[in-house]
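Let's walk through this one together, question by question. Have a look at the sequence and the fold first.

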Amino acid sequence: MNTSPASDRNLQGITGCLSDYDPEALKVQQAQDIMREYIQPVCGMEKLTIRQALGRVLATDIISPINVPAHDNSAMDGYALRGDDLVDVQKLSLEIIGTALAGAAFMGAVMHNQCVRIMTGAVMPAGCDTVVPQEFTSKISDTQVKLSAGNLHAGDNRRLKGEDLAIGKVAIRKGKILSPADLGLLASLGIPEITVQRRLRVAIFSTGDELRSLGEALEAGCVYDSNRYTLYGMLTRMGCDVLDMGVVRDNPEALEAAMRSACENADAIITSGGVSVGDADHTRQMMHRLGDVAFWSIAMRPGRPMAFGKITSAGKSAYLFGLPGNPVAVMVSFYFFARQALQQLMGADVPPLPLFNVKSNADIRKRPGRTEYQRGILAMRNDGEPGVSITGSQGSGILRSMSEANCMIILHHDQGSIAAGEKVSILPFEGLI
Ligand code: AMP
Ligand code: MG
């Protein structure tokens, strides 16, 4: 692959090493690989309090400054005792010599045949290594308890110091997009502030003479611009700052001016429309003039035309994603190309998408030789297994199919038609929250 220094990296250098590179029939996987090879993360970090860091990309490894838990402690409400007293459990009767609460340790020493009443999370008293749960005991008096049932071994129901996380170990790796659990984990380590990658600034604009912005009258043959809204939503969820540049008319001068301004003010530019064969010529020339841009026809549906590269204006550069105009094609191209590229650009780890195999509820027609992205509804079937159905008409302009869907069905490049009951790959749109 490309061995030139990162700053010299150009598309020709990368694609020249691919024996089967055909810009007119590029496989999805190849386009994704080229992008991964080409993109260099932006530099820039900032220090934030952990609450502000939700959804941001961690810039340095977090090393645990403490043991979690800090002390051996009880995993149950019950009685702490010495494991070597567990010789004949059924007959064991113990003297209760005190109480250990979470936050109020028992300070004395525990001798043979003695125990301490203990609550979950309380520090294990000196000499004790085992907790018998409350429900396996019967109290004889305020100072005497008998073990009644259960199979108890030395060390049971005790959480060891450092068992969640030992001091000096990596708690969260650099590149992680911080989740609610990560905020909690950082707090549990006593860390109030962390360093994250700076936010990406992404400029978006739509091209097309037929497009009208909200608030404008819709003349015959015109449509409202919806792409800037779906893009805004997807970029905002990714934690990007969105620079919305509106609708740009289909003419080379207007397009060049918008491109330059976007390039001077953002890390990446996402346009929609104007890259299909009919439009491409003047756009192509202008983009070649501004930088290193490839025009692809990708073997996928919806989608197909896409421009990708990097442009420069007034000494500033930005990555360019020229997506097709059709509203569903925009979302699909964003999810399967721009998303991973932007995550890489923001310095995040980009794990493979979590695809699942589930039964298709009906036949699906599909031609081998391209990747198809159908909009699906995933639900439990009567047989208790998950099943997926497509959301009616799958035209690439039908945004309603996207709105009704809760997952994407991915029919792979070499796959043919699917019979009802066969399994297909799906990608759920949403996680827990
Ligand atoms: P294009 O890729 O420019 O040829 O556009 C393909 C189709 O998508 C046309 O029917 C356009 O009217 C429609 N389209 C393009 N951009 C937008 C947009 N921003 N919002 C809604 N529809 C669009
Ligand atoms: Mg157009």
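**Loops, a helix and a ligand**

Arg 304 is partly exposed, with a relative accessible area of 47% (buried means under 20%, exposed over 50%, partly exposed in between, with a 1.4 Å probe and protein chains only). This is a predicted model, where local features need pLDDT of at least 70, side-chain atom pairs count only at pLDDT 80 or more, and totals for chains, interfaces and linings use all residues. Residues are numbered from 1 along each chain as its sequence is written, chains are lettered from A and ligands numbered from 1 in the order in which they are written, and side-chain values use heavy atoms, with hydrogens and water left out.

Reader: Over which residues does pLDDT stay under 50?
Author: pLDDT is the predictor's confidence in each residue, from 0 to 100. The protein chain averages 94, and 97% of the residues score at least 70. Where pLDDT is low, the predicted coordinates should not be read in detail. The stretch that stays under 50 is residues 1-6.

Reader: What is the phi of Arg 304?
Author: Arg 304 sits in the loop between β19 and β20 (strands, E, at least two residues, and helices, H or I, at least four, are DSSP runs numbered from the N terminus). Arg 304 is not a glycine, yet its phi is positive, at about 75°.

Reader: And Ala 314, is that residue buried or exposed?
Author: Ala 314 lies in the loop between β20 and β21 (316-323). Its phi is positive too, near 50°, in a residue other than glycine. With a relative accessibility of 66%, Ala 314 counts as exposed.

Reader: What is omega for the cis peptide bond that joins Arg 301 and Pro 302?
Author: Pro 302 belongs to the loop between β19 (300-301) and β20 (305-313). The bond joining Arg 301 to Pro 302 is cis, and omega is about -5°.

Reader: Which residue caps the N-terminal end of α5?
Author: Helix α5 covers residues 252-265 and reaches 20 Å from its first C-alpha to its last. At the N-terminal end, a side-chain oxygen lies 3.1 Å from the backbone nitrogen of Glu 253. The residue providing that oxygen is Asn 251.

Reader: Why are the buried residues of α5 on the same side?
Author: The buried residues of α5 are Leu 255, Glu 256, Ala 258, Met 259, Ala 262 and Cys 263. They are on the same side of α5 because they cover an arc around the axis (taken from the directions from the helix axis to the C-beta atoms) of only 165°.

Reader: How far is an oxygen atom of ligand 1 from a polar backbone atom of Asn 326?
Author: Of the 15 residues around ligand 1 (a heavy atom within 4 Å), Glu 210, Asp 225, Ser 226, Asn 227 and Gly 325 come nearest. A nitrogen atom of the ligand is 3.0 Å from a polar backbone atom of Ser 226, and an oxygen atom is 3.0 Å from one of Gly 325. For Asn 326, the distance from a ligand oxygen to a polar backbone atom is 3.3 Å.

Reader: Thr 371 lies in which strand?
Author: Thr 371 is buried, with a relative accessible area of 6%. Leaving aside neighbours within four places in sequence, its contacts (heavy atoms within 4.5 Å) include Val 28, Arg 301 and His 412. The strand is β23.

How values were computed:
The expected span of a helix is 1.5 Å times one less than its number of residues. A polar contact is a pair of N or O atoms within 3.5 Å; within protein, one must be able to donate a hydrogen and the other to accept it, and residues adjacent in sequence count only if both atoms are side-chain atoms.
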